[in-house]
Amino acid sequence: MASIAAIYRALYACHGPQRWWPGETDFEIAIGAILTQNVSWANVEKAIRRLKEEGLLNPKALHREPAESLAQLIRPTGYYNQKAKKLRNFLDWFSAYGYSFARLGGIDTGRLRKELLGINGVGPETADSILLYALKRRVFVVDAYTMRIFGRIGVLGGGEGYAETQSLFHRRFAGDVAEYNEYHALIVNHGKSVCKKKPLCAECCLARYCAFTASRRVFLSG
Ligand code: SF4
(Lines give C-alpha, C1' and ligand atoms only; values in the text may rest on other atoms or scores of the structure.)
Protein backbone atom coordinates (compact mmCIF):
# COMPACT_ATOMS: atom_id res chain seq x y z
CA MET A 1 0.00 0.00 0.00
CA ALA A 2 1.21 3.54 -0.78
CA SER A 3 2.47 5.61 2.11
CA ILE A 4 0.56 8.72 3.15
CA ALA A 5 3.70 10.73 2.32
CA ALA A 6 3.86 9.27 -1.22
CA ILE A 7 0.21 10.20 -1.78
CA TYR A 8 0.97 13.74 -0.61
CA ARG A 9 3.86 14.02 -3.08
CA ALA A 10 1.70 12.69 -5.93
CA LEU A 11 -1.12 15.14 -5.15
CA TYR A 12 1.32 18.03 -4.87
CA ALA A 13 2.92 17.08 -8.20
CA CYS A 14 -0.42 17.01 -9.99
CA HIS A 15 -2.23 19.97 -8.40
CA GLY A 16 0.66 22.20 -7.29
CA PRO A 17 0.68 24.49 -4.23
CA GLN A 18 -2.81 25.47 -3.02
CA ARG A 19 -1.79 28.41 -0.79
CA TRP A 20 -4.65 28.09 1.67
CA TRP A 21 -6.55 29.36 3.58
CA PRO A 22 -8.29 31.95 1.41
CA GLY A 23 -8.49 34.84 3.89
CA GLU A 24 -6.57 38.01 4.64
CA THR A 25 -6.37 37.76 8.43
CA ASP A 26 -6.40 35.05 11.09
CA PHE A 27 -9.77 36.35 12.23
CA GLU A 28 -11.22 36.10 8.72
CA ILE A 29 -9.91 32.52 8.52
CA ALA A 30 -11.57 31.58 11.81
CA ILE A 31 -14.88 33.15 10.76
CA GLY A 32 -14.67 31.40 7.38
CA ALA A 33 -14.06 28.05 9.10
CA ILE A 34 -17.32 28.45 11.04
CA LEU A 35 -19.36 29.75 8.12
CA THR A 36 -18.23 27.07 5.67
CA GLN A 37 -20.05 24.27 7.51
CA ASN A 38 -22.46 22.61 5.01
CA VAL A 39 -22.15 25.23 2.29
CA SER A 40 -19.97 25.97 -0.72
CA TRP A 41 -17.04 28.33 -0.34
CA ALA A 42 -18.52 30.72 -2.93
CA ASN A 43 -21.41 31.43 -0.52
CA VAL A 44 -19.02 31.97 2.37
CA GLU A 45 -17.15 34.52 0.24
CA LYS A 46 -20.40 36.42 -0.33
CA ALA A 47 -21.06 36.57 3.41
CA ILE A 48 -17.49 37.62 4.19
CA ARG A 49 -17.69 40.35 1.56
CA ARG A 50 -20.86 41.68 3.21
CA LEU A 51 -19.22 41.67 6.64
CA LYS A 52 -16.21 43.49 5.19
CA GLU A 53 -18.41 46.13 3.55
CA GLU A 54 -20.11 46.75 6.91
CA GLY A 55 -16.75 47.09 8.65
CA LEU A 56 -17.48 44.01 10.76
CA LEU A 57 -14.46 41.88 10.02
CA ASN A 58 -12.89 42.73 13.31
CA PRO A 59 -13.81 40.76 16.41
CA LYS A 60 -14.99 43.56 18.70
CA ALA A 61 -17.27 45.10 16.08
CA LEU A 62 -18.66 41.70 15.10
CA HIS A 63 -19.31 40.82 18.73
CA ARG A 64 -21.28 44.05 19.21
CA GLU A 65 -23.49 43.37 16.18
CA PRO A 66 -27.03 42.29 17.19
CA ALA A 67 -27.75 38.62 16.42
CA GLU A 68 -30.63 39.41 14.03
CA SER A 69 -28.65 41.74 11.76
CA LEU A 70 -25.63 39.43 11.90
CA ALA A 71 -27.86 36.57 10.74
CA GLN A 72 -29.11 38.66 7.81
CA LEU A 73 -25.57 39.58 6.75
CA ILE A 74 -24.47 35.94 6.66
CA ARG A 75 -27.68 34.75 5.02
CA PRO A 76 -25.87 33.40 1.88
CA THR A 77 -24.21 30.69 4.01
CA GLY A 78 -27.51 28.94 4.88
CA TYR A 79 -28.55 27.99 8.44
CA TYR A 80 -27.82 31.66 9.09
CA ASN A 81 -29.60 31.94 12.45
CA GLN A 82 -27.67 28.97 13.79
CA LYS A 83 -24.43 30.23 12.30
CA ALA A 84 -24.93 33.68 13.82
CA LYS A 85 -25.25 31.95 17.21
CA LYS A 86 -22.10 29.92 16.53
CA LEU A 87 -20.18 33.07 15.62
CA ARG A 88 -21.33 34.72 18.82
CA ASN A 89 -20.36 31.67 20.87
CA PHE A 90 -16.91 31.77 19.29
CA LEU A 91 -16.64 35.51 19.98
CA ASP A 92 -17.73 35.04 23.61
CA TRP A 93 -14.82 32.64 24.00
CA PHE A 94 -12.40 34.80 22.00
CA SER A 95 -13.27 37.89 24.09
CA ALA A 96 -11.88 36.12 27.18
CA TYR A 97 -8.49 36.33 25.42
CA GLY A 98 -8.91 40.01 24.59
CA TYR A 99 -9.76 39.06 20.96
CA SER A 100 -6.07 38.46 20.46
CA PHE A 101 -4.55 35.68 18.36
CA ALA A 102 -1.19 36.67 19.85
CA ARG A 103 -2.49 35.71 23.30
CA LEU A 104 -3.71 32.36 21.99
CA GLY A 105 -0.19 31.82 20.68
CA GLY A 106 1.05 31.12 24.22
CA ILE A 107 -1.39 28.26 24.84
CA ASP A 108 -0.53 24.67 24.02
CA THR A 109 -2.39 22.99 21.18
CA GLY A 110 -4.13 20.33 23.29
CA ARG A 111 -5.70 22.89 25.60
CA LEU A 112 -6.69 25.18 22.73
CA ARG A 113 -8.35 22.30 20.89
CA LYS A 114 -10.26 21.29 24.01
CA GLU A 115 -11.47 24.86 24.51
CA LEU A 116 -12.51 25.24 20.86
CA LEU A 117 -14.41 21.93 21.02
CA GLY A 118 -16.17 23.25 24.13
CA ILE A 119 -17.74 26.08 22.08
CA ASN A 120 -21.31 25.20 21.13
CA GLY A 121 -21.34 24.76 17.33
CA VAL A 122 -17.63 24.08 16.85
CA GLY A 123 -16.92 20.46 15.89
CA PRO A 124 -13.59 18.74 15.23
CA GLU A 125 -13.24 19.81 11.58
CA THR A 126 -13.93 23.48 12.40
CA ALA A 127 -11.71 23.44 15.49
CA ASP A 128 -8.85 21.85 13.58
CA SER A 129 -9.26 24.25 10.63
CA ILE A 130 -8.92 27.17 13.06
CA LEU A 131 -5.93 25.52 14.75
CA LEU A 132 -4.12 24.74 11.50
CA TYR A 133 -4.97 27.70 9.29
CA ALA A 134 -5.44 30.59 11.75
CA LEU A 135 -3.17 29.47 14.60
CA LYS A 136 -0.55 27.56 12.56
CA ARG A 137 -0.69 24.43 14.73
CA ARG A 138 0.38 21.07 13.38
CA VAL A 139 -2.99 19.31 13.32
CA PHE A 140 -4.47 17.37 10.44
CA VAL A 141 -7.92 18.44 9.25
CA VAL A 142 -10.13 15.49 8.33
CA ASP A 143 -13.18 16.00 6.13
CA ALA A 144 -15.55 14.01 3.91
CA TYR A 145 -13.07 14.20 1.00
CA THR A 146 -10.35 12.65 3.18
CA MET A 147 -12.67 9.78 4.07
CA ARG A 148 -13.72 9.22 0.48
CA ILE A 149 -10.29 9.37 -1.17
CA PHE A 150 -8.37 7.38 1.45
CA GLY A 151 -11.23 4.91 1.77
CA ARG A 152 -11.14 4.25 -1.96
CA ILE A 153 -7.35 4.02 -2.06
CA GLY A 154 -7.46 1.51 0.79
CA VAL A 155 -5.53 3.47 3.44
CA LEU A 156 -8.77 3.57 5.48
CA GLY A 157 -10.61 0.32 5.92
CA GLY A 158 -14.04 1.93 6.37
CA GLY A 159 -15.76 2.70 9.64
CA GLU A 160 -12.95 4.90 11.03
CA GLY A 161 -14.18 8.03 12.76
CA TYR A 162 -12.66 11.50 12.83
CA ALA A 163 -10.25 10.91 15.73
CA GLU A 164 -8.94 7.60 14.39
CA THR A 165 -8.36 9.01 10.91
CA GLN A 166 -6.62 12.09 12.27
CA SER A 167 -4.41 9.97 14.50
CA LEU A 168 -3.40 7.84 11.49
CA PHE A 169 -2.26 10.96 9.60
CA HIS A 170 -0.44 12.31 12.67
CA ARG A 171 1.45 9.03 13.05
CA ARG A 172 2.17 8.40 9.39
CA PHE A 173 2.74 11.84 7.91
CA ALA A 174 5.77 13.59 9.38
CA GLY A 175 5.14 16.90 7.61
CA ASP A 176 5.43 20.33 9.17
CA VAL A 177 2.64 22.90 9.54
CA ALA A 178 3.07 24.14 5.96
CA GLU A 179 2.78 20.58 4.62
CA TYR A 180 -0.25 19.82 6.78
CA ASN A 181 -1.78 23.01 5.40
CA GLU A 182 -1.08 21.94 1.80
CA TYR A 183 -2.17 18.34 2.32
CA HIS A 184 -5.70 19.15 3.43
CA ALA A 185 -6.07 21.74 0.66
CA LEU A 186 -4.83 19.22 -1.92
CA ILE A 187 -7.31 16.62 -0.67
CA VAL A 188 -10.18 19.10 -1.04
CA ASN A 189 -9.03 20.02 -4.55
CA HIS A 190 -8.69 16.36 -5.56
CA GLY A 191 -12.04 15.39 -4.04
CA LYS A 192 -13.80 18.21 -5.88
CA SER A 193 -12.09 17.85 -9.24
CA VAL A 194 -11.12 14.17 -9.68
CA CYS A 195 -12.14 11.75 -6.92
CA LYS A 196 -15.71 12.99 -7.04
CA LYS A 197 -18.79 10.96 -6.09
CA LYS A 198 -18.43 9.53 -9.58
CA PRO A 199 -14.63 9.34 -9.76
CA LEU A 200 -12.58 10.25 -12.84
CA CYS A 201 -10.08 7.42 -12.35
CA ALA A 202 -8.67 7.64 -15.89
CA GLU A 203 -7.32 11.13 -15.10
CA CYS A 204 -6.23 10.45 -11.54
CA CYS A 205 -2.63 10.84 -10.41
CA LEU A 206 -3.32 8.42 -7.54
CA ALA A 207 -4.56 5.58 -9.76
CA ARG A 208 -1.39 3.55 -9.31
CA TYR A 209 -1.93 3.50 -5.55
CA CYS A 210 -5.64 2.95 -5.58
CA ALA A 211 -7.44 -0.22 -4.51
CA PHE A 212 -10.65 1.10 -6.09
CA THR A 213 -9.17 1.23 -9.62
CA ALA A 214 -7.33 -2.06 -9.09
CA SER A 215 -10.59 -3.79 -8.17
CA ARG A 216 -12.30 -2.24 -11.21
CA ARG A 217 -9.50 -3.49 -13.48
CA VAL A 218 -9.94 -7.02 -12.12
CA PHE A 219 -13.72 -6.75 -12.53
CA LEU A 220 -13.48 -5.47 -16.14
CA SER A 221 -10.89 -8.07 -17.22
CA GLY A 222 -12.57 -10.96 -15.35
S1 SF4 B 1 -8.14 6.26 -8.88
FE2 SF4 B 1 -10.31 6.86 -8.85
S3 SF4 B 1 -11.11 6.16 -6.86
FE4 SF4 B 1 -8.86 6.14 -6.76
S5 SF4 B 1 -8.32 8.11 -5.86
FE6 SF4 B 1 -8.24 8.35 -8.07
S7 SF4 B 1 -10.29 9.07 -8.69
FE8 SF4 B 1 -10.42 8.28 -6.59
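# Salt bridges and the ligand site

Visitor: Let us begin with Glu 24: buried or exposed?
Guide: Glu 24 is exposed, with a relative accessible area of 67%. Please bear in mind that this is a predicted model.

Visitor: Which residue does Glu 24 meet in a salt bridge?
Guide: Its partner is Lys 52, and the N to O distance between the two side chains is 3.7 Å.

Visitor: With which other residue does Lys 52 form a salt bridge?
Guide: Lys 52 also forms one with Glu 28, where the closest N and O atoms are 3.5 Å apart. Because Lys 52 lies in helix 3 and Glu 28 in helix 2, this pair ties together parts that are 24 residues apart in sequence.

Visitor: Glu 28, then: buried or exposed?
Guide: Glu 28 is buried, its relative accessible area being 8%.

Visitor: How many salt bridges are there in the whole structure?
Guide: A search of the whole structure finds five. One of the salt bridges joins the side chains of Glu 115 and Arg 111, at 2.9 Å from N to O.

Visitor: How are Glu 115 and Arg 111 placed in helix 8?
Guide: They are four residues apart in helix 8 (residues 109-117), so about one helical turn separates them. Glu 115 is partly exposed at 22% relative accessibility, and Arg 111 is likewise partly exposed, at 43%.

Visitor: Which residues do shared partners join into one network?
Guide: Glu 24, Glu 28 and Lys 52 are joined in this way.

Visitor: A change of topic: what surrounds the ligand?
Guide: The surrounding residues are Arg 152, Cys 195, Pro 199, Cys 201, Cys 204, Ala 207, Cys 210, Phe 212 and Thr 213.

Visitor: How does that shell divide into nonpolar, polar and charged residues?
Guide: Seven residues of the shell are nonpolar, one is polar and one is charged.

Visitor: What can you say about the space taken by the ligand?
Guide: The ligand takes up the largest cavity.

Technical notes. Residues numbered from 1 in each chain as written. Predicted model: local features only at pLDDT ≥ 70, side-chain atom pairs only at ≥ 80, totals over all residues. Heavy atoms only, no water. Salt bridge = Lys/Arg side-chain N within 4 Å of Asp/Glu carboxyl O. Buried < 20%, exposed > 50% of the residue type's maximum accessible area, 1.4 Å probe, protein only. Helix = DSSP H or I, 4+ residues; strand = E, 2+ residues; numbered from the N terminus. Near = heavy atom within 4 Å. 1 Å grid on protein atoms, 1.4 Å probe; cavity = no way out; pocket = protein on both sides within 12 Å on 5 of 7 lines; lining within 4 Å. Sits in = over half its atoms within 2 Å of the grid points. Nonpolar A, V, L, I, M, F, W, Y, C, P; charged D, E, K, R; others polar.
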